[in-house]
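I opened my notebook to go through this one step by step. Below is what I looked up, in the order I looked.

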Amino acid sequence: MSDARPPVKRRVATSKRPLLRGGQRSTEEYLVNSSVAEFITPPINAPIQATVERPTADRRRVQTEVVSIDPPSPVKRARIQAAEPPLEPPSLHDFDPDFEPQGINGELYDMDLGGFFLRPPSPTRARQKKAFKPSDPALYDLRRLRDEYLREFLRLDGCGDAPEDLCPRCDIRTPVYRCRDCHDNNLYCKECCLALHAANPLHIVDAWDGQLFTRTSLKTLGLRIQFGHPGCGRPRAGHESFVVVDVDYIHEVAVDFCGCEREIESGEDRIQLLRYRWFPATHQVPRTAFTFRLLDNFHIQTLKGKTTMYDYYSAVEKLTDGTGGPLPYRYREFLRVTRMFRHLLMLKRGGRGHALSGVNGTQAGELAIRCPACPRPGINLPENWEAIVPELRYLYTFFLALDACFRLKRRLVSSALRDPALGAGWSYFCEPEPYRQYLLTVTNQTEMSTCSGLAALDYANTKFSRGYSVTGVGMGVCARHEFVQPTGVGDLQKGERYANMDWITACILRFIHARLPKVISYDIVCQWFKNLLERLKDLPPLVRLTLILHIVAFVIPKMHIHAHTLKCQLCFSLNYLAGAGQTDGEGIERPWANIGGVASSTREMGPGSRADVLDDHWAFWNWCKLITLGELLRKRLDKATRERDIQKEAFDAFTAEQGERVVGWEKMVVEYEADTSNAKNPYEVTTSALKESDVRLKLAEEEAADAAKGVPSLHDVSPSSFVHNGLELEDQQRRLRVQIELKKAGTTTQQIDIIALRRTLSRGIVRFRKLQATYSPGALQALARRGGEAEELPETTPLMLPSALTPEEREVGCVAGVQHIEQLLRHAQCSESLMRLRNQLHIKSRYFDYKALHARHQGANTRTRSLVARNESKIRLHSEKYQAAWDALRLLAGGDVSTVGWRRLRKEDVRTMEDPEELTKRQALRARQDATRQERIRRLQEEGEDVRMHEEEAQGEEEEAVANPAENRREVSWIWTEAGTTGTDAELEDALRIEWTKARARSRRWTEEVGLLKEEHRRALISFEHEAVKWENRVKDIPVGGVEVGFAQGAIAYALGQAAMYRKLAARLDVSMTEIHRGRGRKRMPAMPAAADEEEAAGSDDDDDEDDDEAAGGVASDEEFFMGGEVEE
């Protein structure tokens, strides 16, 4: 490239007359003389030579500077460098990755970007080629069977083996018609086809013309559908264009209604259709109906898959005619009927069809599915539940979680008068009209949050309500089992205002016993609970209640609490609340995730239809929670039992080490749990951490006092400012090294930033050298003996603070007092950097959780990577700062580590405070992976294959696990247990007390969790039996002699079926709590006696299936329990 000549530019002479459209314009030609090497693609990982033009200070000239940068993608470069060595040595401008600053001693923190590389990964050993095994053998074998399957597909479009001469049923007429829905593929004549389909009028029929099948219909063949009763002597014809919509087809049929003397017995046209399991679209003279099969199918599709009504109806249209031909359009009727069908099913399952007061007698919240495991006095609690000992009173606590969702908006369409809800206030939404009237009396919110990072209050009183009648919903669920509470949902008009949440809370608590202990979880409870009693007194009589504050605890969910101030984290933490068990308070977020799929469709609905749809979805959510309650309790109980034993053992060992201190600590915790408002918080740090600013202020005051006394100064810059200046330069070096490592393959602008930072740092070092001539001349002599400073980069140049000199050099070559000043500032650096390090590590864990759960697609991952990289750089800075300060203190102490007062920070100590649950999950996952690997090796050995590669892989992973103790050992790093200690007895005592109280809280919470789960199991069984008895009592309330026989028979059958269903659920719950878990994806085994034979306990797969069915009460599938469990006998 060096021998290439610049291009020669010349202008082609043209006329200077004004140009018209299409005229000749001046052009430019380039004559380029280049070598062949210029057109050869350079190596992929070769540095890119870029030029940067920068104006001078006077803005008159432009300076061009050549910058060498690496390829732009760090991930791509990492893969390339892993495969082959670099082609060129690193440039002088690049930072040496092997450089280690003074004081690190091999303990430099490795930045982790959660899946993004900062350094090239180590080359992996060559792997042997594995034996091919398809993941799905049947799908793999289809490749050789495709022709065979395709031939059979085409065969179905013809007559196949069906005889074409005589009808196989009558042997008289020529067969022409074939039914798609009947199992046989025979052709039948017209008369036989009609006779076969008298009971199946919605089958699809095709006609054979000798060459192909053409679609026809049973109506065309002359089939008429008789309603009312068979053999009607005087049928009355229905609408000539009657349309019935089925699961897979939109049919035009000919219908007849009963018009004989039994017409009154048969009922109106709508009644005759309903008894045929067709739902009429209108009540008078219906001309459209929808089959119950279609409505049931759509119901489960929309509840489980969040399928919209438009998409479902469009799918039926495509099944009817995929070519887009003309069809009867019944979409509006479909919307109306599905809404009525949802509402009637909810009334039926709520028992309103058995009530003497009828549908209009339905009370608020009566149709909601209640949580069977939550405490309900008079139903699942003992009669003397209030007399329980105080230590066990937590067993009867009701846990309530509140939150708001801003995805469930509704635009300014329709109104409550034009579109009223069919069941307003009967299930999950609170009564709309009293709620609306109350909100009209509430003025603008004036409360402001004193906590940082709370997005909920930011939405209140904002401008994000324009164009929307509803900006979201507030809701309450039982925090432990996530059941949406009766009348526990309300619309939000302008963000998450206190008035809305006050009403919703009051609506929920009117169904809860007043003397029942309560724990209320809310992400802004620290602000919301203030003046709560006064606001509750202003509520109307409908929802006004008395709240006994001494049995109510207000907490913040475990994830949301980290956005609050330290005071909130200490006062409202579930980890420190006696009786809370392992309740996390985040259960409210799971219904939001489930309901989010319908947010786009309900946004355009009217108020009534939206409320009915959301009520139906929350009913299905509660039902799914109810039928899986046994599995949930069993899973939690297994985990709680393990963790209880682990935490108790760790706490007992910790207690034994502390000796006499425990008595005072125990007393402090007991007093705090008895009176949290007045007693001292045992989890709060009472000693304050030392800060650099405090030390500098103290030194400045001492120097000012000396100056006032007339003590002469050596320089305009004071000794403390001199040392502080050196520490600032040291910090700039650290920051520059981190920036270089993060931007090794950055853009040209980033490279320019690094050059500018180096230039600034170099000027600062020059000024510092001048100050060293006054305060530390021995440092300049040491630098002269060392040599080579001119060739060093500014970020690697030693500053030679007093701690870097030998004791002799400090004694002779430093001004008196400078060493002591550095020692004080270094102690402050250790204290402050350790505190900041803990904060950044805590943020790191939250970033990684967010990235794993929410970051999707390139844009989101790029933004997340930027956040993680920025946080990792801060972790590196704080850890390196602590390490440098600790090593400086060690050198100032003459190498005596015991007098430093701080522990040495190793890179394995720089880790997050792992959640015990996450650690347990990770250990269990590692154990399963090891078991799977060993099983694979054993199977390969039996097959005679070489397993050395797999054994080496397993050994490498074991070595990695040993090298990373944070992953496989349940030990908390000392940076969390010795927080803020500067070596003084008071601060060390404070840190030990806090760690002991936290260990005690962990042990107590897991013990409480086991007790709560066992109590919830007991309450759930009693609640199921209560529901069964309630349905049996409804049978007794049916006036058999005073109602129509068919209705009485059906009502009795349904009530007895519901009672049987709840007893089956109780049996399934009991089995789930006692059966033996055999692993995910495999059936559980019923618990066997200890003396049972091992082979008999294991049994065969068929025996397991039969045992499971019997234990579940003879249930063949979950369909029997769907949405109220209408069991098909």
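**Overview.** I started with the secondary structure, which comes to 35 helices and 20 strands. Helices (H or I, at least four residues) and strands (E, at least two) are DSSP runs, numbered from the N terminus. I noted that this is a predicted model, where local features need pLDDT of at least 70 and side-chain atom pairs count only at pLDDT 80 or more, while totals for chains, interfaces and linings use all residues. Residues are numbered from 1 along each chain as its sequence is written, and side-chain values use heavy atoms, with hydrogens and water left out.

Next I checked burial: of the 1129 residues, 43% count as buried. Buried means under 20% relative accessible area, exposed over 50%, and partly exposed in between (1.4 Å probe, protein chains only). I also looked up contacts, meaning heavy atoms within 4.5 Å. Among contacts with a separation of 6 or more, 72% are between residues 24 or more positions apart.

**Two helices.** How do helix 7 and helix 8 pack? Helix 7 covers residues 292–305 and helix 8 covers residues 309–320; their angle is about 135 degrees and their axes are 11 Å apart. Axes here are lines fitted to C-alpha atoms, for helices over the stretch in contact, and angles run from 0 to 180 degrees between N-to-C directions. Helix 7 and helix 8 are therefore oblique to each other. For angles, under 35 degrees is roughly parallel, over 145 roughly antiparallel, 65 to 115 roughly perpendicular, and the rest oblique.

Which residues make the contact? I found L294, N297, F298 and Q301 on helix 7, and M309, Y312 and V316 on helix 8. By class, that contact has 5 nonpolar, 2 polar and no charged residues. (Ala, Val, Leu, Ile, Met, Phe, Trp, Tyr, Cys and Pro count as nonpolar, Asp, Glu, Lys and Arg as charged, and the others, Gly among them, as polar.)

**Salt bridges.** I got 46 salt bridges for the structure. The rule is a side-chain nitrogen of Lys or Arg within 4 Å of a carboxyl oxygen of Asp or Glu.

I picked R510 and E431, whose side chains meet at 2.9 Å, N to O. This pair links distant parts of the chain, 79 residues apart: R510 sits in the loop between helix 12 (498–509) and strand 19 (518–522), and E431 in the loop between strand 15 (410–411) and helix 10 (432–440). R510 is partly exposed at 27% relative accessibility, but E431 is buried at 12%.

E1027 is buried at 16%, while K1030 is partly exposed at 29%.

R1063 pairs with E1032, the closest N and O atoms being 2.6 Å apart. R1063 is in helix 33 (residues 1045–1074) and E1032 in helix 32, 31 residues apart.

I also jotted down a network of salt bridges linking E730, D731, R734, R735, E822 and R826.

**One glycine.** Is G490 buried or exposed? G490, in strand 18 (residues 484–492), is buried, with a relative accessible area of 0%. Leaving out residues up to four places away in sequence, G490 touches F429, C430, Y435, G472, V473, G474 and I504. I also noted that G490 and Y428 are 62 residues apart in sequence and 8.7 Å apart in space, C-alpha to C-alpha.
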